[in-house]
Amino acid sequence: MTAGYIARSAEVSEADILIGRRLRALRLEKGLSLAELSGRAGISVGALSQIERGLSSLRVKVMWPLAAALSVEPEELVSDAGEPRHDLYCVPASARKMLPVYSEGISKSLLSPPSAALTGMLVVVEPGATSGSYTHAGHEFGYIVSGQLILWIDGVHYRLGKGDSFAFRSCLDHSFSNNTQDIAEILWVNTSKPEKDHEHGTTSQA
């Protein structure tokens with residue numbers, strides 16, 4: 001076997017792995033199990049699993065039904081142009097998804113990929129904005145990237161500035177606000193998955 005043949009084989013294998021990871025990332029983003037996606041696309045669970053693990057190439061005859069089942073264009077499964085929009089391990093800045101927030105002046109963008117055990121977010125709090133008080137399952141950690149934040153945890157408030165950090169159990173009643181004239185940015189990590197942000201005492205992601 002020549003060196004050139006080995007190089008070509010490695011390239012093909014890497015391409016199959018990347019396509020498989022992209023397919024799995026899309027499936028997880030849609031909240032579908034292997035069985036659910038295989039049923040929608042008319043593909044066996046075994047064949048779908050082989051493709052996701054990079055052990056089998058994505059054929060044209062299955063690419064179209066898979067794309068339709070995922071509600072994406074077929075090229076999203078195989079395109080290598082520019083930064084990948086879907087990946088198991090990395091999230092390009094251009095591909096960040098916004099999470100629903102119902103408090104005015106607060107935005108949350110998802111930093112972690114769909115396969116991550118932790119939920120990383122960039123939380124932006126505009127001047128004068130405040131969240132409702134809420135609790136949810138898990139633990140959380142935060143780091144103030146810029147600006148200042150008032151954080152309430154279990155009845156005690158903390159005034160935090162750039163470079164400060166925090167961590168607490170999410171079951172403790174908590175809320176936050178920005179009473180300055182500058183935007184506050186927080187790198188916020190939760191051990192629970194993001195859900196709709198229902199504040200005022202109900203389950204939420206902060």
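Two strands pair if DSSP finds at least two bridges between them. Helices (H or I, at least four residues) and strands (E, at least two) are DSSP runs, numbered from the N terminus.

**Figure 1. Overview of the predicted model.** This is a predicted model in which local features need pLDDT of at least 70 and side-chain atom pairs count only at pLDDT 80 or more, while totals for chains, interfaces and linings use all residues. Residues are numbered from 1 along each chain as its sequence is written, and side-chain values use heavy atoms, with hydrogens and water left out. The protein has five helices and nine strands. Read from the N terminus, the elements follow the order α-α-α-α-α-β-β-β-β-β-β-β-β-β. Of the 206 residues in the protein, 41% are buried (under 20% relative accessible area; exposed is over 50%, and partly exposed lies in between, with a 1.4 Å probe and protein chains only). Contact means heavy atoms within 4.5 Å. Among contacts between residues at least 6 apart in sequence, 62% join residues at least 24 apart.

**Figure 2. Helices α2 and α3 where they cross.** Helix α2 covers residues 34-41 and helix α3 covers residues 45-52; their axes come within 9 Å and cross at roughly 110 degrees. The α2 helix is therefore roughly perpendicular to α3 (65 to 115 degrees; under 35 is roughly parallel, over 145 roughly antiparallel, and the rest oblique). Axes are lines fitted to C-alpha atoms, for helices over the stretch in contact, and angles run from 0 to 180 degrees between N-to-C directions. On the α2 side, L34, A35, L37 and S38 make the contact, and on the α3 side V45, L48, S49 and E52 do. Sorted by class, the contact of α2 with α3 has five nonpolar, two polar and one charged residues (Ala, Val, Leu, Ile, Met, Phe, Trp, Tyr, Cys and Pro count as nonpolar, Asp, Glu, Lys and Arg as charged, and the others, Gly among them, as polar).

**Figure 3. V60 in helix α4.** V60 lies in helix α4, which spans residues 60-70. This residue is exposed, with a relative accessible area of 56%. Between V60 and P74 there are 9.3 Å in space, C-alpha to C-alpha, and the two are 14 residues apart in sequence.

**Figure 4. The open sheet of six strands.** The strand order is β1-β2-β3-β9-β4-β7, and the pairing is antiparallel. Strands β1 (97-99) and β7 (165-169) stand at the edges with a single partner strand each, so one side of each has no neighbour in the sheet. From one strand to the next, the twist averages 25 degrees.

Figure 5. Strand β2 (residues 106-110) runs antiparallel to β1 and is joined to β1 by three bridges. K97 has L110 as its bridge partner in β2, and L99 has K108. The hairpin of β1 and β2 has six residues between the strands, and in this hairpin G105 takes a positive phi near 90 degrees. Strand β3 (residues 119-125) is joined to β2 by five bridges, and these two strands also run antiparallel. S107 has V124 as its bridge partner in β3. Strand β2 is largely enclosed by the rest of the structure, because four of its five residues are buried.

Figure 6. Strand β7 pairs with β4 (residues 139-146) in the antiparallel sense over five bridges. Y143 stands opposite S165 in β7. F166 has a relative accessible area of 8%. Leaving aside residues up to four places away in sequence, F166 touches E140, F141, G142, Y143, I144, L151, L160, I186 and W188. F166 and W188 are 22 residues apart in sequence, with 9.4 Å between them in space, C-alpha to C-alpha.

**Figure 7. The open sheet of three strands.** This sheet has the order β6-β5-β8, with antiparallel pairing. Its edge strands are β6 (156-161) and β8 (174-177), each of which pairs on one side only. Neighbouring strands of the sheet are turned by 20 degrees against each other on average, direction ignored. Six bridges link β5 (residues 148-153) with β6 in the antiparallel sense. The bridge partner of Q148 in β6 is G161.
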